[in-house]
Amino acid sequence: MKLFRFVAGAIAAAVVGLAAMAAQAADPIKVGEINSYTRLPAFTDPYKKGWQLAVDEINAAGGIKGRPLQIIDRDDAGKPGDAVKIAEEMVSKENVTMLAGTFLSNIGLAVADFAKQNKTLFLASEPLADAIVWESGNRYTFRLRPSTTMQAAMLAKEAAKTGAKKWATVAPNYAYGKEAVAAFKKELTKLVPDAEFVEEQWPPVFKIDAGPVVRAVEAAKPEAIFNVTFGGDLAQFVREGNLRGLFEGRTVVSLLSGEPEYLEPLKDEAPKGWIVTGYPAKDIDTPEHKAFFDAYMKKWGEAPKLGSIVGYNTVKSIEALLNKADKYDAETLVETMKGLEVPSSPSGPFMYRAQDHQSTMGAWVGKTDVKDGMGVMVDWFYADGADYQPSDEEVAKMRPAE
Amino acid sequence: MSFYFAQFLTGLASASSLFLVACGLSLIFGVTRIVNFAHGSFYMLGAYLAYTLVQYVPGSIVGFWGSVIAAALVVGLIGAIIEVVMLRRIYNAPELYQLVATFGIVLIVQDAVLWIFGAEDKLGPRAPGLDGIVRIFGEPIPQYDLLLVALGPAVLGALWLLLNRTRWGVLVRAATLDREMVASLGVNQSWLFTTVFFLGSFLAGLGGALQVPRVSINLLMDLSIIAEAFVVVVIGGMGSIPGAFVAALLIGELNAFGVLVLPQATIVLAFVVMAVVLVIRPYGLFGKQETAAHAAGQVEAPIRPASPLKRTIALALLALLLVLPFLMGEFALVLATDILIFALFAASLHFIMGNSGMVSFGHAAYFALGCYGAAFLVKYFGGSMEMALVAGPLFAGLGALVFGWFCVRLSGVYMAMLTLAAAQIVWSTAFQWQELTGGDDGLLGIWPSDWARSKTAFYYLSLALCGGGILLLRRMIFSPFGYALRGGRDNPNRTESIGIDLRAQQWAAFVIAGVFAGIAGGVYVFSKGSIFPDEAAIPRSVDALVMVLLGGVQTLSGPIVGAGVFRLLEDEISRLDYWRAILGGIIVGIVIIAPEGIAGFIKRIAVKAGLEREGETAA
């Protein structure tokens with residue numbers, strides 16, 4: 001009896017082992033992912049959890065054309081030079097099929113330029129800079145998240161409805177802040193030609209001295225304020241502003257501030273009635289989002305943040321691409337990527353525009369409020385990215401010829 | 001008018017916060033002569049601890065202040081422990097070792113805080129009872145700001161009493177003036193140092209804890225405060241507490257009014273003020289000239305040309321490098337190119353540091369200027385790669401010519417700080433002058449000419465330029481010029497008295513080091529295709545220092561060995577989570593266990609084994 005058990009056990013083990021080997025026999029499809037995991041963990045950690053969830057789901061369902069998807073992720077420490085070095089390693093040593101990732105715009109731009117030089121497909125997931133698909137756009141680079149100008153356009157449309165004419169802006173003094181303010185000005189003056197901008201404040205990024213900034217804005221007596229600061233700078237700006245009554249009776253329009261990454265740390269001090277782009281995670285009740293939300297909660301024990309959606313959608317885009325493409329060389333992948341549709345995602349369907357390689361993934365636009373001691377978004381709607389794009393002629397003018 | 005007064009008060013509140021951090025830094029430097037990079041980490045720890053403690057006693061006034069004090073005390077204890085376990089072992093090491101070792105602590109604390117407290121930004125509660133505003137001349141002023149305004153002078157007064165009216169204070173002041181003398185009078189020096197470190201860290205922790213109601217607490221707090229605290233301490237005069245107070249006022253108000261006048265240049269402003277003060281008063285507003293330490297570094301053994309054995313090894317290495325493309329894959333070539341670039345960068349730092357005894361903490365400035373010089377030529381003048389590779393070093397040399405003129409007037413820690421200020425000026429200019437440098441977005445698309453586009457061709461180009469640069473530097477070390485520099489390093493007075501214009505020689509050395517760092521920068525920009533302000537930032541300067549220290553300051557092959565080991569190591573460990581802590585641990589380990597570096601260690605073994613004579617350098 002004992003012997004029989006042993007033999008049966010051995011056979012069972014052998015079968016399991018063989019099955020495992022058979023699964024391994026199918027080579028994984030490798031994708032290289034680069035992000036600032038140690039420099040900006042507050043944003044990249046939820047992002048990583050998002051793409052890990054998607055990879056698990058895909059592989060549990062049998063992978064892509066029978067091959068498992070493998071994401072090789074590396075930390076760029078927030079340095080563009082390191083990111084390029086890692087990209088080189090992934091392409092020449094790991095033989096990845098394509099590259100993805102990056103959060104900071106400068107790193108996104110550096111890797112995009114590398115992709116162009118080395119003729120490798122790069123899906124920029126998080127960086128917002130317009131230049132990635134416009135001025136510095138290239139054949140091999142696509143971008144997922146709605147760009148600065150798209151989000152500014154969404155906000156400008158809502159801002160125009162308030163009727164405010166005298167605006168002040170507060171933005172971090174680097175490329176992203178400058179681009180956001182320029183885009184907002186341009187979009188707003190399209191809708192409200194007599195809008196004027198009476199004050200501009202440019203605190204250094206992550207080093208705001210909020211008291212003087214708030215005072216300077218207050219002194220200009222604007223009717224409305226456009227804010228681009230985020231993270232710790234935003235928290236200080238809100239706190240000082242609340243304390244000194246800066247926001248009383250003024251319209252405030254604020255980029256990204258509705259994202260849980262930025263709103264949650266503010267707790268009950270979160271501003272009320274600001275017009276923002278963001279992500280009302282708990283309130284979105286489409287079936288796709290509910291399934292994503294529950295799976296995420298189950299895997300990680302916490303609610304997803306916007307980064308999680310971006311991470312998840314990145315891998316979903318890669319899945320759609322690899323399923324559709326018949327060959328995995330860079331040229332085929334680029335051609336497949338043009339006009340590629342991602343039929344289902346937590347944020348709804350979206351596609352990659354052929355004319356500028358920008359996805360039509362949108363953003364949620366709404367107002368901030370405080371409920372149960374937490375900042376939340378109310379009166380929100382999903383602004384589809386397809387509705388906030390420049391015309392094809394404008395795109396053609398901005399993008400360098402291939 | 002009332003507006004300006006309110007702005008003035010806001011400036012005062014910032015100044016007080018800054019003073020709390022800076023005075024601890026100054027105190028520690030005054031007594032132990034350690035420039036403590038980890039001071040910002042203590043500040044960050046204080047904030048995180050206070051935030052955590054306050055959660056347990058919401059809304060209570062006693063609870064809030066109890067948490068602030070408790071957090072500061074814990075940080076003080078942590079500081080004391082680090083002093084006993086680590087820093088005590090390196091008091092006699094050269095300044096730069098200490099600076100780099102404390103940077104290792106910064107890396108370790110960063111990952112420890114991430115691991116313990118998590119990645120999210122934290123926004124603490126406002127101070128209970130002080131969460132409103134007061135109207136002064138009709139302008140709203142936060143109550144908490146007024147408290148901070150009062151707290152700065154209060155802490156200054158308390159420190160004055162402690163230093164001038166207690167026996168402990170007398171000992172501390174004596175140690176600030178002459179620590180060997182204090183020791184020979186029978187004072188227990190290690191106990192004194194530990195208590196000073198405790199107090200200094202306590203003040204940093206207090207400064208951090210007091211920021212809980214004002215700012216959001218995040219993982220970037222440490223490096224952003226330390227740069228400002230350095231500025232304050234250096235302007236005030238290192239070791240002078242009243243000086244730190246005056247300097248904090250200056251910087252606080254500069255920020256408050258700078259926002260109104262020049263909102264675009266706020267970062268550059270503070271460093272420019274620092275540079276101006278150092279040029280007019282080289283030891284800061286209230287600082288005194290450093291009293292010559294009695295144990296001023298051992299005189300190094302003279303350098304000798306390589307022995308036949310080492311010439312053979314060097315030739316074998318060169319042969320290996322020449323055939324490398326036939327042996328290795330593409331990525332190995334990329335990595336090898338990186339190592340060549342950084343070997344030249346490290347060698348150029350070694351040229352002024354090891355050979356000339358000039359401590360540069362901002363060598364990345366010239367590397368970055370080399371990058372930008374090359375990039376400008378390509379971007380704005382349509383130049384070719386060949387021309388850009390000449391323009392880069394020229395641009396870097398020009399920068400070194402200007403900054404060097406100021407820097408060679410100082411020595412030791414003051415020189416390190418002025419070179420740091422110079423690098424920060426380059427960094428903040430590159431960061432804020434967007435029209436020219438692209439700011440944060442950098443300059444892109446700077447790729448090699450067609451003939452050098454393949455990885456192999458570019459590798460040979462790097463080998464020719466960087467390898468050639470290293471050999472040239474080595475040749476200069478054995479020239480009369482090199483001898484004069486070593487004379488200046490070991491005994492400036494004697495060198496001057498035999499008729500050598502030491503300052504001119506040092507200035508020339510500074511420029512040469514800048515040019516060679518610029519060559520490395522020029523090659524670097526074409527290997528990456530882009531350039532960003534980060535290349536001039538503090539971590540890049542630290543990289544170079546670590547490479548030199550890793551290889552060994554007192555050996556000529558040190559920088560090459562160091563660059564190779566460092567890049568390979570970094571490439572390996574950056575795949576792991578918490579790799580910064582590991583790197584920090586390695587840095588600290590090197591300083592404590594193997595201060596002579598790898599090449600130095602091999603040399604020691606070689607001498608023991610009888611392969612080499614004492615005082616000879618590895619090839």
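In chain A of this predicted model, five strands line up as an open sheet in the order β2-β1-β3-β4-β5, with parallel pairing. Strands here are DSSP runs of E of at least two residues, helices are runs of H or I of at least four residues, and both are numbered from the N terminus; two strands count as paired if DSSP finds at least two bridges between them. The edges belong to β2 (69-75) and β5 (141-143) of chain A, each of which has a single partner strand, so one side of each is left without a neighbour in the sheet. From one strand to the next the twist averages 25 degrees. Strand β1 (residues 29-35) of chain A runs parallel to β2(A) and is joined to it by 7 bridges, and A:I34 sits opposite A:R74 in β2(A). Helix α3 (residues 80-92) of chain A lies across β1, β2 and β3 (98-101) of chain A, at about 175 degrees to β1(A). For such angles, axes are lines fitted to C-alpha atoms (for helices, over the stretch in contact), and values run from 0 to 180 degrees between N-to-C directions.

Chain A also has an open sheet of 7 strands, ordered β7-β6-β8-β9-β10-β13-β14, and here the pairing is mixed. At its edges stand β7 (196-201) and β14 (374-383) of chain A; each has a single partner strand, so one side of each is left without a neighbour in the sheet. Strand β8 (residues 224-227) of chain A runs parallel to β9 (residues 251-258) of chain A, with 4 bridges between them. One bridge pairs A:I225 with A:V252 in β9(A).

As for domains, whose bounds come from an automatic or database assignment, chain A splits into domain 1 (24-148 + 285-362) and domain 2 (149-283 + 364-388). Contact, meaning heavy atoms within 4.5 Å, involves 29 residues of domain 1 of chain A and 27 residues of domain 2 of chain A. Together these domains bury about 2200 Å², with carbon and sulfur atoms giving 60%; buried area is the accessible area (1.4 Å probe) that two parts lose on being put together, summed over both. On the domain 1 side of chain A, A:F43, A:T148 and A:L306 lose the most area to domain 2, together 26% of what that side buries.

About 610 Å² is buried between them, 92% of it from carbon and sulfur atoms. B:E95, B:L96 and B:L99 supply 62% of the area that domain 1 of chain B buries against domain 2 of chain B, more than any other three residues.

Helix α15 (residues 385-407) of chain B has 23 residues, which at 1.5 Å a residue should span 33 Å; its end C-alpha atoms are 32 Å apart, which agrees. The expected span is 1.5 Å times one less than the number of residues. Even so, α15(B) bends by about 25 degrees at B:L401, the bend being the angle between axes fitted to the seven residues ending there and the seven starting there.

Between the chains, 58 residues of chain A are in contact with 70 residues of chain B. That interface buries about 5700 Å², and carbon and sulfur atoms give 52% of it. A:K85, A:R215 and A:R239 supply 13% of the area that chain A buries against chain B, more than any other three residues.

Residues are numbered from 1 along each chain as its sequence is written, and chains are lettered from A and ligands numbered from 1 in the order in which they are written. Local features need pLDDT of at least 70 and side-chain atom pairs count only at pLDDT 80 or more, while totals for chains, interfaces and linings use all residues; side-chain values use heavy atoms, with hydrogens and water left out.
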